[in-house]
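Could you bring the sequence and the model up on the screen, please?

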Amino acid sequence: MSLAPRHPPHRHHRPAPLPGRLAARAAAQVARPRFYRPGKLGPAATLAIRAAAVLVLIGIALGGHWLDRDGLRDNSGGPIGFLDIVYFTVITVTTVGYGDIVPVSASARMFDTFVVTPIRIFVFLIFLGSAYSFMLRQGWERWRMGLIRRELKGHVLVCGYGRSGSAAVAELLERGHAPDGIVVIDERADRLRQAEELGIATVEGDATHNHVLSIARVETAQSVIVTPGRDDTAVLIVLSVRRLSPHAGVAVAIGEIENEDLARDAGASIIVNPVSFGGQLLAQCTNGPHVADYVADLVTRGGSVELRERPVRPDELGRGVRDLVGTQVVRLYRGDRAFGIWDREAEAIQPGDVVIELIQRAT
């Protein structure tokens, strides 16, 4: 879905449910509260905990060997002391041993078999997991994210993944937009976690900052949806987006009617005011019980009809909008101006015109 910057504001509506597995996930994140608390431990604390776990495991093996030290034999013939126990425990846990000190009693051999061997495996897994987490995985993720960012273009950037942002993403997915063609920016990790479950790329940060928008490749984005939840923040984001990406379509959600002009002056191409749109939809209900239902049918994918925007075809040039066969055009755009099918300008289609047509929803 293209948000052409030359067009006047349109109104939006809540999304229809998604099919299948995506439907369940999107419905959960939009309608159902979810308890989530991000971890507070940093890399240093995590590494310290793993090191402490290794020491505890080695301590268990050390204590068992010390209590059953009579079951060990030193090939040199000397007595087994505490330093010998420390040496034997460390080389047994970290290696296969050198054979200079060996268990000879049944209890010592069983202790090495059923206690020390699992400890050796756990210690190996802890070291392997630490190496993967702090070196291999971070390096791999940095390389993979860099590759994805370099190839990212023509995507939809969503600034703010609250109720409006998540609903917009759900509608995009319902309309067939690929999840890997959507990028979400938000400061809350729990919201980004929900977006990632849908296969969407995320950027944690403040979308009013240019470097955060640059990480999300706003300069190559096709469309930008701005839904931070505050009008002042939304206008500031629009200004930042327009500075970095002058040609992208920018749709912004505004809560107060008096702020719509500010958003438009900032460079927004589409202004969506949920309050005023809801009021207009409710007012339309006075014209008949099915008017609001039909309007909702037009702007979502849940009904049998939908609106589609497209450029005019070469075979339609010079003809009137009413004369087109096989299509139901409801509005014509010429530059920044909109015309109804009854206007004189719609009697002859010109190159560069864009039409809004009513089509049957694909099944």
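Predicted model: local features only at pLDDT ≥ 70, side-chain atom pairs only at ≥ 80, totals over all residues.

Val305 has its bridge partner in S12, and that partner is Gln360. If we step back, 4 strands form an open sheet in the order S9-S12-S10-S11, and the pairing is antiparallel. Which strands sit at the edges? They are S9 and strand S11 (337-339), each of which pairs on one side only. From one strand to the next, the twist averages 25°. For anyone who likes a reminder, strands of a sheet pair through backbone hydrogen bonds, either parallel or antiparallel.

Now follow the chain out of S9. Between strand S9 (305-311) and strand S10 (328-334) there is a loop, and Glu316 lies in that loop. Is Glu316 buried or exposed? Its relative accessibility is 2%, so Glu316 counts as buried. What does the side chain of Glu316 meet there? The side chain of Arg310 joins it through a polar contact of 2.9 Å. Leaving aside residues up to four places away in sequence, Glu316 touches Arg310, Leu324 and Ile349.

There is another buried polar residue I'd like you to find. Asn273 is placed in the loop between strand S8 (270-272) and helix H10 (274-284). Asn273 counts as buried because its relative accessibility is 0%. Its side chain makes a polar contact with the side chain of Glu260, at 3.1 Å. The side chain of Asn273 also reaches the backbone oxygen of Ile254, at 3.4 Å.

Let's move on to the nonpolar parts. The largest nonpolar core has 27 residues, and those touching the most other members are Leu157, Cys159, Ile185, Leu213, Val224, Val226 and Val252. Several elements give two or more residues to this core, including strand S3 (156-159), strand S4 (182-186), strand S6 (223-226) and strand S7 (249-253), along with helix H7 (210-215). Which element gives the largest share? That is H8, with 5 residues. Another core lies apart from this one; it has 14 residues, among them Val158, Tyr161, Val184 and Ala195.

Not counting residues up to four places away in sequence, Leu157 touches Val183, Ile185, Leu213, Ala216, Val218, Ala221, Ser223, Val224 and Ile225.

Next, Leu192, which lies in helix H6 (residues 189-197). With a relative accessibility of 4%, Leu192 counts as buried. Setting aside residues up to four places away in sequence, its contacts are Val184, Ile185, Asp186, Thr202, Val203 and Glu204. Leu192 and Glu204 are 12 residues apart along the chain, with 7.3 Å between their C-alpha atoms.

Helix H5 (residues 163-174) has 12 residues and spans 16 Å from its first C-alpha to its last, close to the 16 Å expected at 1.5 Å a residue. After H5 comes Gly176, with a positive phi near 95°.

Helix H3 (residues 82-94) has 13 residues and reaches 18 Å between its first and last C-alpha, close to the 18 Å expected. In H3, the buried residues include Ile85, Phe88, Ile91 and Val93.

Technical notes: Residues numbered from 1 in each chain as written. Heavy atoms only, no water. Buried < 20%, exposed > 50% of the residue type's maximum accessible area, 1.4 Å probe, protein only. Polar contact = N/O pair within 3.5 Å; in protein donor to acceptor, adjacent residues only side chain to side chain. Contact = heavy atoms within 4.5 Å. Core = buried A, V, L, I, M, F, W, Y, C linked by side-chain atoms within 4.5 Å. Expected span 1.5 Å × (residues − 1). Pairing = 2+ DSSP bridges. Axes fitted to C-alpha atoms, helices over the stretch in contact; angles between N-to-C directions.
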